[in-house]
Amino acid sequence: MKKIAIFWTLFFIFASFHFVQGQESIKFSGVDTLIDRAVAIFYQKKFDRAIYICDSIITEYPDNPLGYLGLAGVYHLLMLNYRVSYYDMKFDSVSSLAIKVGEKTIKKYHNDAYAYFVLGASYGFRGLNRIRKKKWLGAFHDGLKGISNIKKAQRLNKNLYDVYYALGLFYYWKSVKARFLTSLRLMKDEREKGIEYLKIAIKKGHLAKLEGKFALIEIYYYEDRYEEALEECQTLEDTFKDDPTWNYLMAKINGKLSHWEDSRTYFTRVLELLDEFPLKSNSYYAECYYGLAKAAFEMENYDTAAKEIKLAEEFSQKSDKKKEIEGPLLDSDLVLKRMKKLKTQLQKMGYELESSP
């Protein structure tokens with residue numbers, strides 16, 4: 001499940017306040033204005049301000065796990081969008097607080113589906129980050145706790161359709177990671193069930209439909225269903241045209257469809273957006289320049305391909321795995337192998353591609 005590019009974002013978490021019904025709930029009234037402001041400011045890329053608003057909600061409602069989960073969402077999204085681990089310690093701290101407060105909350109509001117939903121999301125958040133850091137035992141624990149609470153939320157409220165987002169991810173990626181067992185019929189292959197659950201979240205959920213679309217796009221990519229991936233991705237353009245992950249997905253999908261000029265356009269836009277952010281992931285730059293070089297090569301623009309593969313190699317040599325995180329579709333080692341292959345092809349054509357020391 002670590003492959004999901006954007007997961008439990010601020011927009012989804014905070015806007016879902018409006019969903020909760022019932023006499024006893026973790027929802028507090030009177031925060032709508034703050035939520036609206038946080039959402040608007042986040043999408044204006046005023047990240048420090050969005051973090052400040054999250055902090056203010058925590059200060060005002062310290063016994064409500066939503067504020068902690070929302071702040072964790074900001075840090076998580078920043079790390080995924082720009083592939084930097086700078087916010088890792090802050091994320092660990094606030095996600096653990098979300099779990100601690102969430103556990104207290106379900107004891108107080110033991111019939112509140114939304115409380116279980118938020119607690120499940122908090123465990124899922126932390127579990128994803130532990131997978132990224134290869135803390136397998138902790139990730140396994142968080143995964144079990146997370147899905148248990150999500151299922152509890154579903155039992156308490158059949159109309160809380162946003163839970164289908166988490167369940168869809170669970171069923172699909174569980175089947176993918178255990179493909180050896182499913183091939184031996186020791187475990188059910190529930191990939192299609194996962195996809196159908198995501199479609200339910202997209203159709204009937206509130207703002208889970210945005211998160212569900214991103215998840216479905218990446219799943220279609222893994223399933224080699226590139227036309228469907230492109231169609232879904234295009235529906236998000238109005239909201240995410242200045243988002244680096246959306247442009248990256250468009251670049252990768254268009255490449256798979258041999259739409260090389262479009263692929264170059266989107267990779268170029270990713271680089272522009274990365275330049276605007278103060279923290280840098282050299283491995284992300286390397287992958288983008290490789291993508292540009294690959295597209296140029298396929299378009300028989302070999303001079304451009306040679307220049308860009310050299311840039312890709314130079315950025316790759318500067319990458320630092322302690323400060324950077326992997327992308328949603330390719331890890332940096334696989335990117336490096338493909339870079340070397342393209343470099344060899346160009347060298348056989350007579351291009352000198354030795355990088356500067």
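Before you start: residues are numbered from 1 along each chain as its sequence is written. In this predicted model, local features need pLDDT of at least 70, side-chain atom pairs count only at pLDDT 80 or more, and totals for chains, interfaces and linings use all residues, while side-chain values use heavy atoms, with hydrogens and water left out.

**Exercise 1.** Find out where the pLDDT stays under 50.

*Solution.* pLDDT is the predictor's confidence in each residue, from 0 to 100. Then go to residues 1-23, where pLDDT stays under 50. The model has 93 contacts (heavy atoms within 4.5 Å) for that stretch, counted beyond four places in sequence. Residues 28-32 are also below 50, with seven contacts beyond near neighbours in sequence.

**Exercise 2.** Describe helix 6 from its cap to the residue that follows.

*Solution.* Helices are DSSP runs of H or I, at least four residues, numbered from the N terminus.
- Step one, the cap: Asp 112 sits at the N-terminal end, with a side-chain oxygen 3.1 Å from the backbone nitrogen of Tyr 114.
- Step two, the span: residues 113-132 make 20 residues and reach 29 Å from first C-alpha to last, close to the expected 28 Å. That expected span is 1.5 Å times one less than the number of residues.
- Step three, the cover: 16 of the 20 residues are buried, meaning under 20% relative accessible area with a 1.4 Å probe, protein chains only.
- Step four, what follows: Lys 134 has a positive phi, near 60 degrees.

**Exercise 3.** Work out which residues have the most contacts inside the largest nonpolar core.

*Solution.* Such a core is a set of buried Ala, Val, Leu, Ile, Met, Phe, Trp, Tyr and Cys residues joined through side-chain atoms within 4.5 Å. The largest has 110 residues, and Phe 117, Val 163, Trp 246, Ile 253 and Ile 309 have the most contacts inside it. Helix 4 (residues 65-82) gives the largest share, 12 residues. Now zoom in on Ile 309: beyond four places in sequence, its partners include Tyr 290, Met 339 and Leu 353.

**Exercise 4.** Say what covers the buried residues of helix 15.

*Solution.* Helix 15 runs over residues 260-276. Its buried residues include Trp 260, Arg 264, Phe 267 and Leu 274. Among the elements covering them are helix 4, helix 14 (244-256), helix 16 (282-298) and helix 17 (302-317).

How values were computed:
Helix = DSSP H or I, 4+ residues; strand = E, 2+ residues; numbered from the N terminus. Buried < 20%, exposed > 50% of the residue type's maximum accessible area, 1.4 Å probe, protein only. Polar contact = N/O pair within 3.5 Å; in protein donor to acceptor, adjacent residues only side chain to side chain.
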